[in-house]
Amino acid sequence: MNSNAIEIRGLVKNYPTFTLGPLDLTVPCGAIYGLIGPNGAGKTTAIDLIFGMGKNDAGTIRVLDLDHHADEVALKQRAAYVSPDLNFQVWGKVGKAIRFVRGFFPNWDDAYCAELMKAFHLDAGEKIATLSFGAKTKLSLLLALSRRPEILVLDEPTTGLDAVSKQQVFSELLKAVENGERTVLISSHGLTDIERFADHVAMIKGGKLLLEGRTDEIVDRFRLAEFFSVNGAKFENRTGLTILRRTEDRWHALIDQTSDAQSFLESRGAKDISLTRLTLEDLFIALAKDGEAK
Amino acid sequence: MKKIILDHFRRWWWVWVLGCILHAALTVGMCIPNKGHYQAMSAFPLGVFLGAFLLMMDLQRGHARALLTMPVTLKQVARAWWWAAVGLPAVALAVITGITFGIMCLITFVTHHQMPVIGVAANNWMANLFLLGVTFFAVTGMPARNNAGADWKQKVRGAFFGVLYGGSIGGWMLYKDINFTTPTGMIIFLMATILTVFGWFRAEILVMERAAVRPSSPAPGKKNSTPSRCAEGHGGMFFLIQTIFARMIWMGLWMMTFMVLIFGIMVFPKFAAISTRTHGVVSADPFDFFGGGNGMVVFQFMWVMAFQIVVFAMHVRFLRTMPISAAKLAGAFVFTPLVAMLVVLYASNLLVAAISHTSPTMPATMIANGCLLPIAIATTIPVLLIWRGIGTFTWVAMMLLLITGAFGAVFLKGQIPVWISLIAALLIIIGSFVAAKYFLECSSTTYRPRASQFGGWNWGGGR
């Protein structure tokens, strides 16, 4: 039995104006895995490919030891997808959408479904068209959780949700994964939430993987460095060092503490180097802006 | 106001170019002697796709809301829309008709036409003005968002304006049969004039209502507090097929009944008289009752297929997350509507038989008459939706398919040997299935969320 829930190796998907990959991702079983990246980074494409929505040009995706294409139906029996993008309106009423989805899953948990309906203030007779944006997301989550999936994939689940709804969604998510048997892959721009809930995180930019690892280790690895240059010394990007901005002799840079970036700066005449701990959001902004700032 | 009109035509110039070429080609067609097409082609419902239809495309993308943030008044936007969707297209199409007709007269030295060039152009202008005017009026009353959350009054209102919109397109193909000197003709003329004028005044309501719609806001509606049993019963794949089938049958029967009744009232008496005079009896083949108007049947099929399957195409993303293989989903999208349309076809055949007091045509005869081909062509619509998503290209391609399918049925009726028609139909159906499966598997780009064609759908979507 593989200890990884999702294994992506050398994944490539080409579009006329964008290429995802080559991408390698490993989502351990029982983890809450955050997938972050700027708009257009390739997060949704990667998730779509996991669910067989699109054909990869190269590489493999295995979910719970199943091939995402050859075992598409078996995979979808065990994995669920949640997104505000999903449209259920054709079913008319909440109950009919439940009826449709339930038909595919023999292990559908009616009691849990009723519990979630109560928690999310949804009614079977309610028209889907009259649901608010947040309620539609909750319905999507309800349809996913009630089937008791082994893997839950959430694509921007909190987009457009108010603080209360967001808290409700995360509280149900945490309840669903508290026994550690369920794996969650969550793509979100809510970086504070990702930092709080995800134990693993990966960052994609321009279709390429920038970072992957345990959230606490990644946050701990980087520091924001502020320093001054003397005698007009100039600094450029190198491994472990990302220059963010410069105001005359004052420099701001991102430093990977596992590299020799700090000693490099000192050796090149950087003075008064002060290091500040970053949040995941700060790190994200710094890395996302890399290339634009210079 | 001028800027809004210019902006409209600048954005839709390519649709206009296509439309004008098609319109000119149809006008050339009406000049071919000894075909009787002049009368048949004296009014094309093409104008509607260049008028209210283009406006609706803009409306569904939230254009009203964007325009009202500009330094223009409500009235200016309303007037500009009326001119862009009614006034100018009617004139433009009449000019194209007049020029093409005049050139054809010069080239072919045709003198047998009873009407002078100016008369043909004026006739075309009036037909298009009424068509565009009535459809514009219909658009002003259509629900600004998905009607699913509406109460019964709003639904009745939506249905009325929807019927008026669809009916005016279908009904206008019968323009040649309307004698405006008869009481019925005068009533139709009067109604069309009134509705066209009302459209001008209701344009402001249209702008106001559409501007009030926010793409991701819920439709207004009451919260249902009574316990519901709608979650009970079978679900899964069977429920999906049942839902597609029921929607197709319901809408298909409704449309076909409407068409049969229109034909029954307006065409049948004339047809019966000719048929009795020629053969001594009314045609033994009830489906032949549609005569040259078989294109109408094709048009309705494609219309139903296009607008019902769009609803499901909006859910492809959700359906792809369900444990359904691409082959099964493609099968549901292609074969379910096909079977539903065959049922509708046979049911309408029974209705025609009842009206014309003849025995219904047997299914084998109907297929031998080439009825499978237009339905097979309609199965390409789901493929188009899966391939290109719900965008401008898809809408325009669907409309072209609707128009060419309808006219093709008129021109090619009885000219294609049965075996060719049958083989072509089977190839198209199999091709649709294979292509739908391929596109479902190939890329999710098309069924990613995008600019809403329907109020309730979300905007945006990442990569």
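This is a predicted model: local features need pLDDT of at least 70, side-chain atom pairs count only at pLDDT 80 or more; totals for chains, interfaces and linings use all residues.
In what order do the four strands of the open sheet in chain A lie? The order is β12-β13-β11-β14, and the pairing is antiparallel.

From one strand to the next the twist averages 25 degrees. Six bridges link β12(A) to strand β13 (residues 250-256) of chain A in the antiparallel sense. One bridge can be located by residue: T247(A) has R250(A) in β13(A) as its partner. Helix α10 (residues 280-289) of chain A packs on this sheet and touches β11 (222-229), β12 and β13 of chain A. The direction of helix α10 makes about 85 degrees with that of β12(A). In general, strands of a sheet pair through backbone hydrogen bonds, either parallel or antiparallel.

Chain A as a whole has 10 helices and 14 strands. Of its 294 residues, 47% count as buried. Among the contacts in chain A between residues at least 6 apart in sequence, 71% join residues at least 24 apart.

H200(A) and P28(A) are 172 residues apart in sequence, yet 8.7 Å apart in space, C-alpha to C-alpha. Leaving aside neighbours within four places in sequence, H200(A) is in contact with P28(A), A31(A), Y33(A) and G34(A), and also with G213(A), R214(A) and T215(A). Is H200(A) buried or exposed? H200(A) has 21 other C-beta atoms within 10 Å and is therefore buried, since the cut-off for burial is 20 or more.

Strand β1 (residues 4-14) of chain A runs antiparallel to strand β4 (residues 58-63) of chain A, and five bridges join them. Within this pair, I6(A) stands opposite V63(A) in β4(A). β4(A) also pairs with strand β5 (residues 66-67) of chain A, in the antiparallel sense and over two bridges. Here R62(A) has D67(A) in β5(A) as its bridge partner.

The hairpin of β4(A) and β5(A) has two residues between the strands, and L64(A) takes a positive phi near 50 degrees there. D65(A), in the loop between β4 and β5 of chain A, has a phi near 65 degrees, a positive value in a residue other than glycine. Most residues other than glycine have a negative phi. D65(A) is exposed, with 12 other C-beta atoms within 10 Å. Another positive phi in a residue other than glycine belongs to R148(A), near 50 degrees. R148(A) is found in the loop between α5 (133-145) and β7 (151-155) of chain A. With 17 C-beta neighbours inside 10 Å, R148(A) counts as partly exposed.

The next topic is helix packing in chain B. The axes of helix α5 (residues 52-60) of chain B and helix α8 (residues 117-141) of chain B come within 9 Å and cross at roughly 25 degrees. α5(B) and α8(B) are therefore roughly parallel to each other. A52(B), L55(B) and M56(B) on the α5(B) side meet L132(B), T135(B), F136(B) and V139(B) on the α8(B) side. By type, the residues of this contact are six nonpolar, one polar and no charged.

Helix α18 (residues 380-388) of chain B is mostly covered, with seven of its nine residues buried. The buried residues are T380(B), I381(B), P382(B), V383(B), L384(B), L385(B) and I386(B). Just after α18(B), G389(B) takes a positive phi of about 75 degrees.

In the largest nonpolar core, which has 185 residues, A97(A), L142(A), V153(A) and A436(B) touch the most other members. Helix α7 (residues 74-108) of chain B gives the most to this core, with 13 residues. In soluble globular proteins, nonpolar side chains tend to be buried together.

Note on methods:
Residues are numbered from 1 along each chain as its sequence is written. Chains are lettered from A and ligands numbered from 1 in the order in which they are written. A nonpolar core is a set of buried Ala, Val, Leu, Ile, Met, Phe, Trp, Tyr and Cys residues joined through C-beta atoms within 7 Å. Axes are lines fitted to C-alpha atoms, for helices over the stretch in contact, and angles run from 0 to 180 degrees between N-to-C directions. Angles under 35 degrees count as roughly parallel, over 145 as roughly antiparallel, 65 to 115 as roughly perpendicular and the rest as oblique. Two residues are in contact if their C-beta atoms, placed from the backbone, lie within 7 Å. Ala, Val, Leu, Ile, Met, Phe, Trp, Tyr, Cys and Pro count as nonpolar, Asp, Glu, Lys and Arg as charged, and the others, Gly among them, as polar. Two strands pair if DSSP finds at least two bridges between them.
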